[in-house]
Amino acid sequence: MKALVIGGAGYIGSHLVYELIRDNHEVIIFDNLSTGNKNNVHSKAKFYLGDITNNEDLVSLLSKESNFDVVFHFAAKLIVSESMEKPLEYYYNNVEGVRTLLENMNKFKLNKIIFSSTAAVYGNPIKDICEEEDLTNPINPYGETKLICEKMIKWCSHVNNLKYGIFRYFNVAGGDKSLEIGYDYHNPNKTHLIPIITEVALGIREKLNVYGNDYDTRDGTCIRDYIHVTDLAKAHLLGAKHLLSGNDSFLLNLGSNNGYSVLEIIEATKKYAQINYEISKRREGDPSILIASNEKAKEVLNWRPELKLDDIIKTSIEYCKKIL
Ligand code: UFG
């Protein structure tokens with residue numbers, strides 16, 4: 001297939017590019033490098049610098065490169081806390097970006113999209129294990145903008161000849177086995193647990209703050225569904241092939257049916273190093289438990305995560321050690 005990967009120089013997008021190239025596909029990357037990095041660009045992929053909120057950038061790209069079989073979209077802002085402080089930046093980048101993209105896909109007759117959405121669309125879930133049909137009720141602008149995009153894509157598929165695959169990610173972490181790409185450890189504003197605990201394990205950070213131990217869970221700390229970024233990338237590849245084989249559009253959770261508490265993550269990381277931590281107060285907006293049902297992904301794509309929590313922690317530590 002010929003694939004356009006928007007945001008292909010970023011953390012998750014670059015892992016998809018590696019899987020596409022391992023599977024012998026042609027890859028064009030379009031990225032504004034706001035959070036992505038040129039070092040993540042695979043040598044066999046072609047790179048264009050540009051922004052999807054800028055119509056001219058997209059027209060210029062699609063006038064030069066044509067006949068894409070599928071477009072993958074990763075170019076979003078995704079920090080929940082930042083979205084609470086700068087909601088309009090999230091609406092502009094995430095919603096206007098996808099609107100401009102869809103308009104140009106229609107104009108240039110590109111009719112398949114794989115879109116990255118998030119567990120944040122569920123808000124405070126009413127059940128411990130989220131199913132795709134559950135109520136969506138985002139509690140932050142990040143989740144809200146992703147839900148708007150999901151709906152925009154669905155409405156476009158009504159009127160245009162558009163097929164879509166939407167993936168709702170749970171807690172993505174880890175890095176490629178080659179250690180050539182991984183999480184952006186140079187970003188000073190880290191908020192995610194696995195990168196932070198990795199830095200504690202390597203002595204780059206003094207300690208981990210555990211945000212609350214008074215939740216209604218088995219040990220009082222929040223439970224999340226952690227998924228290795230390579231498993232996630234493989235689901236995208238399967239999703240694209242599914243659409244290219246003429247199947248219907250789909251919306252799927254990507255997770256493992258299983259969750260770990262923050263204290264369990266600390267225990268699992270102790271295998272590699274001592275972890276200094278301190279219990280601090282709850283972080284605003286954290287639901288106590290967030291786990292994905294992946295039954296539908298198994299059924300529709302025959303996808304299931306292959307890598308385990310230890311693979312996530314190990315690749316995260318090894319990659320961080322390598323680059324810093
Ligand atoms: N946590 C800590 N200390 C830290 C960082 C995190 O205790 O320094 C805890 C959080 O409170 C939470 C868990 O670790 O209980 C996981 O937190 P992350 O920040 O790693 O991830 P979130 O679950 O908050 O966020 C993830 C995705 C978001 C998505 C959200 C849906 O990264 O993109 O799930 O709720 F929107």
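**Charged pairs and a nonpolar core**

Hi everyone, let's start with one lysine: K298 has a relative accessible area of 23%, so it counts as partly exposed. Before I go on, please keep in mind that this is a predicted model.

Who is K298 paired with? Its side chain meets that of E295 in a salt bridge, with N and O 3.5 Å apart. E295 is partly exposed too, with a relative accessible area of 43%. Both sit in helix α9, residues 295-301, and because they are three residues apart there, about one helical turn separates them. As a general point, side chains of opposite charge can pair when their charged atoms come close.

Now look at helix α4, residues 87-107. There, E96 and R99 are three residues apart, so again about one helical turn lies between them. Their side chains form a salt bridge, at 3.0 Å from N to O. E96 is partly exposed at 23% relative accessibility, and R99 is partly exposed at 34%.

Is the pair E199 and K190 buried or exposed? Both residues are buried. They form a salt bridge as well, and their closest N and O atoms are 2.9 Å apart. Some residues join up in a network: K2, K46 and E65 are linked by salt bridges. Over the whole structure, the search finds 23 salt bridges.

With a relative accessible area of 10%, R224 falls under the 20% cut-off, so we call it buried. A polar atom of its side chain lies 2.9 Å from the backbone oxygen of P287. Leaving out residues up to four places away in sequence, R224 touches several others, among them N171, Y260, D286 and L290.

Let's turn to the nonpolar side chains. In soluble globular proteins, these tend to be buried together. Which residues touch the most other members of the largest nonpolar core? They are F72 and F167, in a core of 40 residues. Helix α7, residues 229-244, gives the largest share, seven residues. Domain 1 (2-173 + 226-254) and domain 2 (193-225 + 256-323) both contribute residues, which means that this core lies between them.

Take F167 as an example. Beyond its neighbours within four places in sequence, F167 is in contact with residues including I114, F115, A235, F250 and L301. There is also a second, separate core of 27 residues, and F30, V98, M105 and M152 are among them.

Key: Residues numbered from 1 in each chain as written. Predicted model: local features only at pLDDT ≥ 70, side-chain atom pairs only at ≥ 80, totals over all residues. Heavy atoms only, no water. Core = buried A, V, L, I, M, F, W, Y, C linked by side-chain atoms within 4.5 Å. Buried < 20%, exposed > 50% of the residue type's maximum accessible area, 1.4 Å probe, protein only. Helix = DSSP H or I, 4+ residues; strand = E, 2+ residues; numbered from the N terminus. Domains from an automatic or database assignment. Contact = heavy atoms within 4.5 Å. Polar contact = N/O pair within 3.5 Å; in protein donor to acceptor, adjacent residues only side chain to side chain. Salt bridge = Lys/Arg side-chain N within 4 Å of Asp/Glu carboxyl O.
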